[in-house]
Amino acid sequence: MAQEAISPEIVARLRANTAAAGIAIDEGDLARMAGGAFLRNVDLFGRLIARLPTDTLPDDLKEWRDTPTAPAVAPGAPPPAPDPSPPASAPPDPSDPFVPLHEVARAIAAREVSPVALAEEMLARIAAHDPPLNAYQIVMHDEALAAAAEAEREIGAGRRRGPFHGVPVAIKDLLATRGIPTAAGSKILGAWIPDEDATAVRLLREAGAVIVGKTRMSEFAYSPGSNNAHYGPTHNPWRAGRDAGGSSSGSGAAVAAGLAYAALGSDTGGSIRMPAALCGLVGLKPTHGRVSLAGAVTLSWSLDHLGPLTRTVRDAALLLNVLAGHDPRDGRTRPGPVPDFTADLERGARGLRIGAVRDDGSAAPPPDPAAVAAWEDGLRALRDAGAEIVDLDLPELEDLRVCGAPIINLEAAAYHERHLRERPRDLGPFVRDRVTVAYAYGPTAYTQAQQARAVLRARLDPLWERLDLLSTPAMAHGAPPLGEIDQNTRYTLPFNVLGWPAIVVPVGLTGDGLPLGLQLAGRPWDEAAVLRAARVVERDGPWQGRRPPGF
C-alpha cells in the first residue's frame with residue numbers, strides 16, 4: 001500500500017509548536033519523522049476524531065477503578081469443579097536454571113538447595129552468557145550475595161517469608177533502587193542514584209527475593225523493539241541478531257536465557273507482552289491500578305503498567321501476589337483487598353466464554369500464517385478443555401491503537417520537554433523524534449483522545465455481558481532482525497488504552513524456530529480468569545516448556 005504524504009498543515013504545526021517551546025529541530029529531524037510512522041499517527045488520529053462524538057466526558061475523569069469484577073460464571077450457577085490434577089512426576093533438579101520459580105521455591109523451603117549456591121550459580125551464568133546478549137544494565141553481584149546469605153540465615157532459623165525467599169530475580173532499570181544507578185535506558189539519567197526504592201522493589205525485598213541485577217531496556221521505555229542508542233541492542237536468546245522485544249527487552253532476554261527465574265517489566269503499549277511473545281515467556285500486564293508504579297520512571301502516566309515476565313503462569317500469579325495492592329505513594333492504585341491469584345489456576349477452562357478476535361480493524365498486512373496457526377493451537381487447547389470459543393470482529397481495537405498514540409506521545413512530551421529543550425542530543429534519535437512528534441498535534445488533541453477513549457470503552461464494555469475473555473495472537477510475527485521495528489503494538493496497545501488485564505503465553509514456533517504467543521485479555525480486576533485460561537493453554541497447548549538452544 002502506497003504511503004500517503006504527510007499533510008503540510010501537520011508539518012507547519014510541528015514547526016510552530018517546537019519553536020514556541022524553545023525546541024530546535026532541523027530538516028534532517030523533519031525528514032526522519034516524516035519517513036517513519038510517527039507523523040502518520042497524527043493524521044490517523046485526526047481522521048478518527050472526525051468520526052466520533054465531540055461532547056463526551058473525557059475518560060480521565062471516569063472513576064473506572066470502581067468497576068466491579070463480574071463472575072466468570074453465570075450468576076447463581078455453581079462454580080465448575082477443578083480439572084483433575086496431573087499425575088505426580090519426579091521433582092525437577094533445582095540447580096537447572098530453567099526450572100519454574102515455584103519449583104525452586106519448594107526446593108529452597110525443603111532445604112534441598114541453598115540460596116547462596118543459587119545466587120552464585122546465577123551470577124556465574126550471567127557472567128558467562130550475558131555479554132553477547134546484553135540483557136543486564138547492572139549486575140548487583142555483592143548485593144545479591146549479601147541478600148542470599150541473609151535469606152539462608154532466615155530460612156535456616158524458620159523465618160521463611162514465602163515463595164520468593166532466596167530466589168534470584170531481575171528488575172527493569174526504570175525502577176528506582178536505593179544506592180544503585182537507575183538510567184531507564186538513557187544517557188540523561190545515567191548518573192542518577194536514587195535514595196529510595198520503588199515500591200515494587202521494596203515489596204520484592206520484603207518478600208526475600210534476591211535481586212541479581214537491573215535489565216537493559218529501550219531508552220526511556222519508548223520503543224517496541226530492543227534498540228538502544230546508548231547501550232546497544234539486546235539480542236534475542238533464541239537467535240543472535242534478532243529483536244528481543246521492547247521496551248522490557250533485557251527482562252525478557254534474561255528470563256528466557258536462564259539468567260533470572262523471573263523479572264519485572266513495565267508495559268505502556270505492550271512492553272511486557274512483546275518481549276514475552278518474542279522470547280517464549282509468560283508476560284502479564286495486570287489491570288491499570290493493580291500494581292504501584294511509584295518510583296518507576298514515567299513514559300505515560302495513564303497507560304503505564306508494571307508486571308512480571310516468567311516461565312510459567314503460576315510464577316506470574318505468585319509474583320502478582322507480591323506486587324498487587326493499594327499504595328499511598330501512587331494514587332492510581334485501587335484500595336481494597338487483593339485476591340490470591342493462584343487460587344483458581346487449576347479450575348480449567350470449563351464454562352469460560354472466550355471471544356477470538358478475527359478482525360481487529362487494522363489496515364496492516366495480515367499476521368504471519370505461522371502466528372495464526374500457533375494461536376489456533378492455543379484456542380484449540382481451551383476449546384478441548386471446555387471453553388466456548390466465540391469468533392468476533394472488533395474493529396475498535398485499531399481505533400484504540402490510533403487513540404493511544406497521542407496519549408502516549410503527549411504525556412511523554414510533558415515529561416521530556418525540558419530534555420528536548422536543554423539536552424536534545426543526549427536523547428537517541430529514535431526517542432527524540434518520537435517525543436518531538438507530540439508538537440504536531442493540535443491544542444485540543446489530548447482531551448479529544450480522552451473523549452475517544454471514553455467512547456470506545458463504552459462500546460466495548462458490554463462485551464463482558466456475554467464473554468469472560470478476549471483472545472488475539474500476541475504479535476503478528478516472530479522476532480524480526482534487530483533494527484526492524486514495525487507495528488509491534490497492533491494487538492497489545494488497545495488493552496493499555498482500556499486498562500484491562502492481559503497476558504501472553506507461548507504457543508509455538510515460526511518455521512525458522514522463533515517463538516510465537518497467544519494473548520488473553522479480561523475484564524477489569526479479573527486477573528484470576530486471565531491466569532486460569534492461560535494456565536490451560538500452558539498445560540494443554542503445544543509449547544510444553546521449550547527453551548532456547550544453546551542455553
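Predicted model: local features only at pLDDT ≥ 70, side-chain atom pairs only at ≥ 80, totals over all residues.
Let me start with helices α12 and α14, which are roughly antiparallel to each other, a label that applies because angles over 145 degrees count as roughly antiparallel, those under 35 as roughly parallel, 65 to 115 as roughly perpendicular and the rest as oblique. Helix α12 covers residues 396-422 and helix α14 covers residues 445-460, and the two pack at an angle of about 150° with their axes 9 Å apart. An axis here is a line fitted to C-alpha atoms, for helices over the stretch in contact, and angles run from 0 to 180 degrees between N-to-C directions. Helices (H or I, at least four residues) and strands (E, at least two) are DSSP runs, numbered from the N terminus.

Residues are numbered from 1 along each chain as its sequence is written, and side-chain values use heavy atoms, with hydrogens and water left out.

Back to the pair: the crossing of α12 and α14 is left-handed, meaning that the near helix is turned anticlockwise from the far one by less than a right angle, whereas clockwise would be right-handed.

Which helix packs with α12 at an angle of about 120°? It is α3, residues 38-50, and the axes of α3 and α12 are 9 Å apart, which makes α3 oblique to α12. Their crossing is left-handed, and N41, L44, F45 and L48 in α3 meet residues of α12 including V402, C403 and P406. The contact of α3 with α12 has 7 nonpolar, 1 polar and 2 charged residues.

Now the sheet, which is open, has 11 strands with mixed pairing, and runs in the order β1-β3-β2-β6-β8-β7-β12-β13-β11-β9-β10; two strands pair if DSSP finds at least two bridges between them. Strands β1 (136-139) and β10 (388-393) stand at the edges with a single partner strand each, so one side of each is left without a neighbour in the sheet. From one strand to the next, the twist averages 30°. Helix α7 (residues 199-206) packs on the sheet and touches β2, β3, β6 and β8, with its direction at about 175° to that of β2. Inside the sheet, β9 (residues 353-359) and β11 (residues 469-473) run parallel and are joined by 3 bridges, with I354 opposite L469.

Elsewhere, β4 (residues 235-236) and β5 (residues 239-243) run antiparallel, joined by 2 bridges, and they form a hairpin with 2 residues between them. N236 stands opposite R239 in that pair.

Two local details deserve a look, given that most residues other than glycine have a negative phi, and most peptide bonds are trans. A cis peptide bond, with omega about 0°, joins G246 and S247, and S247 is in the loop between β5 and α8. N134 has a positive phi of about 65° although it is not a glycine, and it lies in the loop between α5 and β1.

How confident is the predictor, and what does the chain average? The average pLDDT (confidence in each residue, from 0 to 100) is 92, and 92% of the residues score at least 70. Over residues 72-81, however, pLDDT stays under 50, as it does over residues 83-89.

Terms used:
Contact = heavy atoms within 4.5 Å. Nonpolar A, V, L, I, M, F, W, Y, C, P; charged D, E, K, R; others polar.
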